[in-house]
Amino acid sequence: MTYQAEFRVWRGDSTGGSFESYRVEVHEGEVVLDLVHRLQATQAPDLAVRWNCKAGKCGSCSAEINGRPRLLCMTRMSTLSPDEPVVITPLRAFPVLRDLVTDVSFNYAKAREIPGFIPPAGLGPGEYRMQQEDVERSQEFRKCIECFLCQDTCHVVRDHEENKSVFAGPRFLMRVAELDMHPLDAAAEAGLDRRATAQDVHGLGYCNITKCCTEVCPEQIRITDNALIPLKERVADLKYHPLVWLGSRIGLRRKD
Amino acid sequence: MVSTETGPPTGTGVHSPGRAAVPQRQLRTDRWWLPQLATVTGLLAFIGYSTWRAFEGAHYYAPPYVSPFYSPCLAANCVPVRGGADWTLFGDWWRLSPALLVLIFPLGFRLTCYYYRKAYYRAFWSSPPACAVPEPHTRYTGETRFPLILQNLHRYFFYVAVPFAMILTYDVALGFRNTGGEWGHAGLGSFVLLGNVALIWAYTLSCHSCRHIVGGRLKHFSGHPVRHRLWQFVGRLNVRHMLLAWSSLASVGLTDLYVYLVSSGAFGDPQLF
Ligand code: SF4
Ligand code: SF4
Ligand code: FES
Ligand code: FES
């Protein structure tokens with residue numbers, strides 16, 4: 001079954017832009033990225049779009065379709081109404097470069113702010129041993145394809161540009177959670193408390209657990225339930241739990 | 001849909017300088033406001049009903065059933081419940097409805113619950129109204145400062161919620177008597193109370209703080225097999241936390257309504273055995 005769809009694509013750059021309308025033929029089984037490519041091939045050869053794998057694995061093709069942040073290559077045309085226009089804009093939380101391409105370097109800057117894995121003393125490469133149940137939680141987080149849809153949707157920065165300096169965003173708070181749950185991460189030995197920095201440096205307190213990051217994640221990572229809330233609970237252990245705080249002060253609590 | 005050329009944005013939020021000059025604040029075409037409307041309707045209905053019942057101070061004991069709004073009794077002015085959890089911690093100077101002394105604890109538990117926070121931040125405070133729909137506020141600090149930083153105290157309400165669930169469980173046991181106080185009998189109300197307490201327990205145990213306390217805080221599950229199992233069990237409940245939040249809220253209200261109907265004589269409790 002083929003039909004003619006109306007596409008309204010935002011065209012422009014940082015100096016301004018507008019929606020352009022196109023009519024384009026849709027074939028059975030196609031995804032939005034197929035249609036963007038057809039537009040490039042037939043009507044708009046200079047339309048800028050970033051993509052790579054067309055398999056939902058490289059995280060390049062993030063955009064907003066009918067107002068919802070999604071991967072162009074993982075949005076099937078069959079899920080959109082054939083009678084209504086398909087409205088495509090670039091990600092609206094980041095600076096636009098041209099057409100559907102945005103500058104996502106905010107995310108790379110935030111990634112660099114998080115101290116990486118700290119190797120345990122006395123273990124050489126190849127000597128790391130971890131039990132499956134100890135790494136299971138972080139394995140979910142490792143499914144991330146760095147599409148930054150969560151970072152784009154999170155209202156903390158999407159609606160408040162000024163919060164970008166103080167808030168790492170869900171993807172990178174999840175990174176902090178991953179490292180804090182890592183069985184071999186030696187942050188504590190190195191004098192780094194990831195719970196303290198999650199709150200004081202990376203802005204965990206700005207998250208109000210309204211779950212939009214989870215809603216848009218194409219990898220279905222349960223970011224809020226499995227990373228952000230557990231991290232908030234860990235912060236509460238450290239900062240808002242007088243008994244645990246007292247116990248750790250007088251050395252009652254054993255290491256776990 | 002305007003398709004006229006727009007210059008660079010100079011506003012805030014999605015209209016901040018540098019971002020794509022899309023004139024519309026949001027472009028969602030689905031009914032994104034529907035879940036928020038349902039949340040507001042559901043919560044207001046419960047708040048309205050429970051406020052009326054809490055201040056009424058009557059029709060909360062239909063022997064042998066006691067309403068979950070009025071148990072335990074901490075004031076001196078309660079109707080004595082045969083064998084019930086009546087502890088006069090507050091003297092007889094307390095003249096208001098005894099429910100008010102009790103309801104603040106479940107209220108605090110639910111008010112600081114991670115699920116209800118999401119629900120009311122979205123539905124009542126529009127922060128955000130829905131995903132990729134801009135919020136109306138010009139400034140946002142989330143839970144970084146007073147008063148919302150107090151949400152971090154949720155676990156203390158969890159600690160209090162556990163004994164409360166135990167008391168309600170005890171009330172269920174009391175409900176398996178006949179009107180004369182003899183054990184081993186049951187009416188429809190006994191099972192209403194039983195269903196309610198099952199949902200209360202499921203909601204309480206599916207709490208995110210509970211998940212953290214039983215095992216989530218560990219770095220090494222391999223060294224704590226029992227806590228790992230507990231964590232997995234709570235995790236399975238936790239996936240349904242939203243469903244349990246709503247169903248336990250509804251069941252508390254309906255259980256109270258049942259007791260009210262029986263106590264006020266509007267409905268006769270069918271005796272089963
Ligand atoms: S849950 Fe937190 S991090 Fe995720 S979108 Fe909402 S506020 Fe942002
Ligand atoms: S967590 Fe999900 S939404 Fe966020 S960058 Fe990774 S894959 Fe994308
Ligand atoms: S093109 Fe790779 S995720 Fe869409
Ligand atoms: S009761 Fe909902 S998170 Fe604790």
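The model is predicted, so local features need pLDDT of at least 70 and side-chain atom pairs count only at pLDDT 80 or more, while totals for chains, interfaces and linings use all residues. Residues are numbered from 1 along each chain as its sequence is written, chains are lettered from A and ligands numbered from 1 in the order in which they are written, and side-chain values use heavy atoms, without hydrogens and water.

In chain A, 66 residues are in contact (heavy atoms within 4.5 Å) with 68 residues of chain B. The two chains bury about 5,800 Å² between them, 49% of it on carbon and sulfur atoms. Buried area here is the accessible area (1.4 Å probe) that two parts lose on being put together, summed over both. Seven salt bridges cross the interface. A salt bridge is a side-chain nitrogen of Lys or Arg within 4 Å of a carboxyl oxygen of Asp or Glu. One of them joins B:R19 to A:E161, with the closest N and O atoms 2.6 Å apart.

A:H155 counts as buried, at 5% relative accessibility. Buried means under 20% relative accessible area (1.4 Å probe, protein chains only). Leaving aside neighbours within four places in sequence, the contacts of A:H155 include A:H160, A:N208, B:S127 and B:E135.

Ligand 2 has A:C144, A:C147, A:C150 and A:C217 among the residues around it. The shell divides into nine nonpolar, no polar and two charged residues. Ala, Val, Leu, Ile, Met, Phe, Trp, Tyr, Cys and Pro count as nonpolar, Asp, Glu, Lys and Arg as charged, and the others, Gly among them, as polar.

How values were computed: A residue is near a molecule or strand if one of its heavy atoms lies within 4 Å of it. Buried means under 20% relative accessible area, exposed over 50%, partly exposed in between (1.4 Å probe, protein chains only).
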